[in-house]
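These are my notes from a first look through a structure that was new to me. I took it piece by piece and wrote down what I looked up.

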Amino acid sequence: MKKKIYLFISFFLLFAAGIRAQHLSDTIVLGGVVITDTLLKRTPFVTTQVSKEIMQSVSTRDVGDYLRSIPNVSGIRKGGGAIDPVIRGFKFSQLNVVMDGGMKIENGCPNRMDPVAAHVEVEELSQINLVKGPFLLNYGPALGGVINLQTEDPHPYAKFEIHGNAMFGYETNWDGAKEYFSLYGGNSKVYFRASGGYRKYGDYSSGKTDGETTTYNTSFTKYNYGAKAGWAISPKQNVLLSYSESHGRDVMFPALTMDEKSDDTRMMSLDYSARNISEVIKTLDVKVYRTNVNHLMDNSNRITWSAKQMVADVNAINTGGKAILGMKIKNQNLSAGIDFENIYKDGVRTMTMLMMGTTSTTRFNLWNKALIRNAGLFAGYTTSFNSFKFDAAIRVDFNKADSEDTLVLIKDGVEYFNETASQFVNLSANLGLTRKITEKLSVSLAFARGTRSPNMLERYIKRLTIGYDNYDYLGNPQLKPETNYEVDLTLTYSDKKLGTMYVNGFYSYVKDYISAVMLPSSVIMPATLGVLGVKQFVNVDNATFTGFELGYTSPQAYKLGVNVIAALTYGQIPSETKHIFIAGQVVPGDIVIKNDALPEIPPFETTLSVNYRLLHGKLIPRVSYRLVAAQHHVSDAFDEPETPGFSIMNFSVAYKLSKNININAGVNNIFDVSYYEHLNRKIIGSPENKKLYEPGRVLFVNLNLSI
Amino acid sequence: MKYALFVSILLGTLLFLDISCNNDTPDDGKPTGHISLSFIHLVDGLPLEKDIMKYVNAAGNPYEINQIMYFISDVTLHKADGTTKLISDWTDIHYVDIDIPSTLTWDVYDDIDTGVYDSISFVFGITKEKNQSFRFVNPPEVNMMWPDILGGGYHYMMINGSWKNNENVIMSYAFHMGIGQLYKSNVIEVDSIYAFVQNYFSVKLPNSAITVEENKTCNIEIVMNIDSWFISPHSYDHNFWGGAIMQNQPAMQMAKENGFDVFTVGKIE
């Protein structure tokens with residue numbers, strides 16, 4: 001494989017040299033939208049945009065890993081990569097993660113080895129847009145936030161041009177190497193982009209400050225490739241056809257009961273866009289897509305394999321589309337659209353037990369031809385008057401689900417799992433008002449109601465540890481949608497000389513919050529080795545999330561750049577019931593816990609980054625110091641352990657050698673600190689249920705070439 | 001413009017009006033208590049001393065016991081008026097292992113209506129509908145697995161030990177009960193199995209009347225008189241049946257028939 005890579009690199013460099021000779025005087029166009037820094041849009045809610053340059057400047061091996069650097073965005077780590085984003089304590093389907101403005105991927109793995117962000121590589125992205133709260137409704141139902149992962153799009157050129165990019169990166173500690181290549185160009189009518197990447201990482205070791213380092217089985221291999229072809233029908237109309245594949249092989253997850261043997265994801269889409277259609281209708285964007293994930297996982301790398309073999313094979317298909325019309329009447333902007341999503345999921349777990357010299361094999365379905373259909377109508381409106389800016393959006397979703405499950409669980413008249421069909425009509429809406437108090441100071445107040453229907457896992461999963469705690473989980477086909485009522489208050493101050501500062505406070509009241517309760521063993525027994533029992537998803541009355549974020553960015557005009565962020569979320573549930581275990585048995589006397597913490601809520605943290613622009617901005621050293629408080633507010637009902645605080649320091653240098661060559665190098669976790677994030681999962685099989693630590697010191701270098 | 005602001009605030013308020021109050025379901029208010037079952041193992045009326053060849057059964061076999069593991073299920077409390085309380089609110093199958101002290105006590109989760117209960121019954125082993133392979137995947141219960149080719153599910157009981165045969169040679173026995181098989185011929189081969197036999201049986205404990213008082217726990221000792229497995233109505237001879245009986249339905253049938261008086265009640269407090 002390495003030989004092939006070297007040959008490919010050599011070929012690419014030779015090819016690139018040739019192209020460069022031909023187009024020496026050409027203007028370099030990177031394509032897509034380029035934003036030069038993390039910035040705040042003037043919206044009544046908090047939105048963050050991340051540019052390609054920012055992503056390139058750090059040793060990011062995973063989109064989810066990068067997202068953790070945004071205030072109040074955390075991630076759940078279960079292995080070397082595929083970190084699952086958490087925004088203000090909202091996670092999984094409470095977040096709407098889409099690609100390219102509307103393409104959705106149904107993750108194949110019930111353990112979320114493959115969240116949406118794991119199906120796209122950082123190098124493919126031109127931009128990440130992140131909106132906190134249920135405020136952005138034109139990408140689908142949103143409860144806790146929206147993340148749009150925008151990949152690089154090709155664009156027309158006045159005359160035929162062809163360009164290329166190459167990236168090579170290496171990280172110590174886990175001997176991680178990554179390569180990425182892209183070729184793009186075209187003329188005024190037809191344009192294209194083709195790209196591919198490969199990354200192979202070994203096992204990483206934790207830091208040394210706790211004594212000895214621990215090496216975790218976190219290796220993974222991933223590769224991806226794809227192409228996009230565009231046709232400019234007219235100067236106002238474009239069509240773009242995209243196809244890409246992403247593959248994972250032997251991706252290890254020490255904090256899960258199984259590892260990913262293979263993951264094969266195929267994504268295809270067709271986009272049509274028209275601009276300036278009439279005086280009123282300014283834009284029309286239509287997208288249709290299909291994504292397909294084949295996910296295979298097993299425990300063949302675990303000691304349990306010798307006695308009990310588990311293999312899970314899941315196929316997930318998401319087919320959908322959207323159309324959105326943008327209109328402008330004087331200073332009023334209107335948008336309206338429809339979208340549709342059809343999710344199909346089918347999966348089987350095969351269990352083989354080797355005991356008493358005999359072998360017993362059985363097959364459980366994890367999902368049995370489960371189907372969720374969601375159709376949405378949405379509209380948005382913005383206008384400004386005097387010193388006010390007004391935003392409003394509304395969305396109605398028609399959600400229908402069913403499955404061919406034959407499982408029936410009824411005991412004493414209580415139906416735990418029986419009728420699989422359900423349908424809902426969900427209303428989401430938001431209003432926001434921004435008042436410009438002075439030229440520099442503005443205040444925003446936004447209200448929102450966001451409703452989302454239960455997902456495939458919550459509705460139909462059958463007896464699998466999905467990682468919240470040491471239990472198998474059972475879906476609940478009769479779950480109700482959960483609704484987030486949120487209010488955000490944001491104060492923004494922006495001064496050319498002093499920089500930009502914002503403070504945001506938010507409060508979320510989630511009605512019919514989807515949690516889980518333990519089921520009696522007389523109803524259902526677990527199917528996974530080592531778990532305590534079976535929990536089923538249920539709606540609990542409510543949960544609340546409260547918190548704040550603040551950020552400061554110094555003006556770009558100065559050589560010295562300073563960036564400060566801080567964030568805190570406090571999640572609480574009014575009442576939870578906890579069963580008492582003694583020697584593995586549930587005994588009489590349940591405990592009702594009042595005002596329990598919600599599980600997996602990150603603690604307070606703050607980061608200070610300082611950079612200095614040398615050589616007219618060609619050389620930028622950057623140092624960052626991240627301080628994370630201990631998390632003592634933990635869920636008693638979920639037996640969540642407390643997490644100690646920690647601080648780490650990173651250093652990097654970005655050097656623009658020429659207009660064609662960029663080098664980013666640095667060291668993360670300079671002092672080799674042993675630490676783990678509160679959201680990192682526990683190591684399966686560890687004697688004290690120890691959590692998976694973060695990597696210790698990592699030296700990295702990324703070389704970016706463009707022609 | 002003020003109107004727009006007013007409408008905004010009004011709509012925002014309306015969005016939040018959907019928040020509803022709790023609807024707590026009151027319980028039925030009946031007074032309840034609890035029971036706790038302790039498992040005692042006796043041989044010839046005395047506490048079991050394992051790993052010592054000090055016992056002699058009715059057939060005259062000197063024997064010792066090394067391990068005992070078994071399931072009881074569907075424990076039921078019977079009232080004089082014919083009503084019953086099935087223990088199943090949390091678990092309906094209990095595993096007992098003399099080497100795992102925590103299994104020797106079962107603090108029953110169920111809330112039990114106060115009052116006098118005439119008797120207690122249970123199923124020795126696991127009923128057909130519940131005795132399905134892969135029901136248990138975790139130790140220790142998983143170690144009771146009964147091979148699928150012999151009927152599947154789990155052993156009802158394992159008593160492992162050794163006996164001294166007629167030649168004074170110490171032999172191991174595995175007095176195991178589970179789903180039996182009927183073979184087409186005298187040759188015991190799995191290919192010739194034509195039917196399976198459920199060997200679980202119901203036990204009604206004699207003298208097991210109890211009184212459950214409000215907010216109190218009634219402790220009941222359930223005694224397994226191990227020697228009774230080998231006494232009546234059949235004298236069980238290890239020399240005749242040999243060491244392993246998993247594929248010997250007549251032997252398991254004999255054990256099943258002997259099981260009627262194996263369990264008694266000890267102290268009730």
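**Entry 1**

I began with three strands of chain A that form an open sheet in the order 3-4-5, with antiparallel pairing. I looked up the edges and found strand 3 (73-76) and strand 5 (90-91) of chain A, each of which pairs on one side only. Strand 3 of chain A pairs with strand 4 (residues 84-87) of chain A over four bridges, in the antiparallel sense. I checked one bridge there: Val73(A) has Ile87(A), in strand 4 of chain A, as its partner. For my own reference, strands of a sheet pair through backbone hydrogen bonds, either parallel or antiparallel.

**Entry 1: confidence**

I noted that this is a predicted model, so I looked up its scores before going on. It has an ipTM of 0.82 and a pTM of 0.87. Chain A has a mean pLDDT of 90, and 93% of its residues reach 70 or more. The pLDDT is below 50 over residues 1-41 of chain A, a stretch that has 45 contacts in the model beyond near neighbours in sequence. For chain B the mean pLDDT is 89, with 90% of the residues at 70 or more. I marked two stretches of chain B. Over residues 1-7 of chain B the pLDDT stays under 50, and the model has three contacts for them beyond four places in sequence. Over residues 10-26 of chain B the pLDDT also stays under 50, and here the model has 12 contacts beyond four places in sequence.

I went on to strands 13, 14 and 15 of chain A. Strand 13 (residues 237-251) and strand 14 (residues 259-275) of chain A pair in the antiparallel sense over 14 bridges. In this pairing Asn238(A) stands opposite Ser273(A) of strand 14. Strand 14 of chain A also pairs with strand 15 (residues 281-298) of chain A, again antiparallel, over 16 bridges. The bridge partner of Glu260(A) is Met297(A) in strand 15 of chain A. The hairpin of strands 14 and 15 of chain A has five residues between the strands, and in it Asn276(A) takes a positive phi near 50°.

**Entry 2: Gly475(A)**

Leaving out residues up to four places away in sequence, Gly475(A) touches Leu457(A), Glu458(A), Arg459(A), Tyr460(A), Ile461(A), Lys462(A) and Phe537(A). I also looked up Gln536(A), which is 61 residues from Gly475(A) in sequence and 5.9 Å from it in space, C-alpha to C-alpha.

**Entry 3: chain B and its helix 3**

Chain B has three helices and 18 strands. Of its 269 residues, 35% count as buried. Among contacts in chain B between residues at least 6 apart in sequence, 70% join residues at least 24 apart. I then looked at helix 3 (residues 249-258) of chain B, where Gln249(B), Ala251(B), Met252(B), Met254(B), Ala255(B) and Lys256(B) are buried. What covers these buried residues includes strand 12 (170-177), strand 13 (180-183), strand 14 (193-197), strand 15 (201-205) and helix 2 (238-241) of chain B.

**Entry 4: backbone exceptions**

Most residues other than glycine have a negative phi, and most peptide bonds are trans. I listed some exceptions. Asp412(A) has a positive phi near 50° and lies in the loop between strand 20 (409-411) and strand 21 (414-417) of chain A. Asp412(A) is exposed, because 9 other C-beta atoms lie within 10 Å. Asp44(B) has a positive phi of about 50°, in the loop between strand 1 (32-43) and strand 2 (46-47) of chain B. Asp44(B) is partly exposed, with 13 other C-beta atoms within 10 Å.

The peptide bond from Pro139(B) to Pro140(B) is cis, with omega near 5°. A cis bond also joins Ser232(B) and Pro233(B), with omega about 0°.

**Entry 5: where the chains meet**

How many residues does each chain bring to the contact? I found 28 from chain B and 34 from chain A. On the side of chain B, the largest share, six residues, comes from helix 1 (residues 2-16) of chain B. That side divides into 14 nonpolar, nine polar and five charged residues.

Terms used. Residues are numbered from 1 along each chain as its sequence is written. Chains are lettered from A and ligands numbered from 1 in the order in which they are written. This is a predicted model: local features need pLDDT of at least 70, side-chain atom pairs count only at pLDDT 80 or more; totals for chains, interfaces and linings use all residues. Two residues are in contact if their C-beta atoms, placed from the backbone, lie within 7 Å. Helices (H or I, at least four residues) and strands (E, at least two) are DSSP runs, numbered from the N terminus. Ala, Val, Leu, Ile, Met, Phe, Trp, Tyr, Cys and Pro count as nonpolar, Asp, Glu, Lys and Arg as charged, and the others, Gly among them, as polar. A residue is buried if 20 or more other C-beta atoms lie within 10 Å of its own, exposed if 12 or fewer, and partly exposed in between; C-beta atoms are placed from the backbone. Two strands pair if DSSP finds at least two bridges between them. pLDDT is the predictor's confidence in each residue, from 0 to 100.
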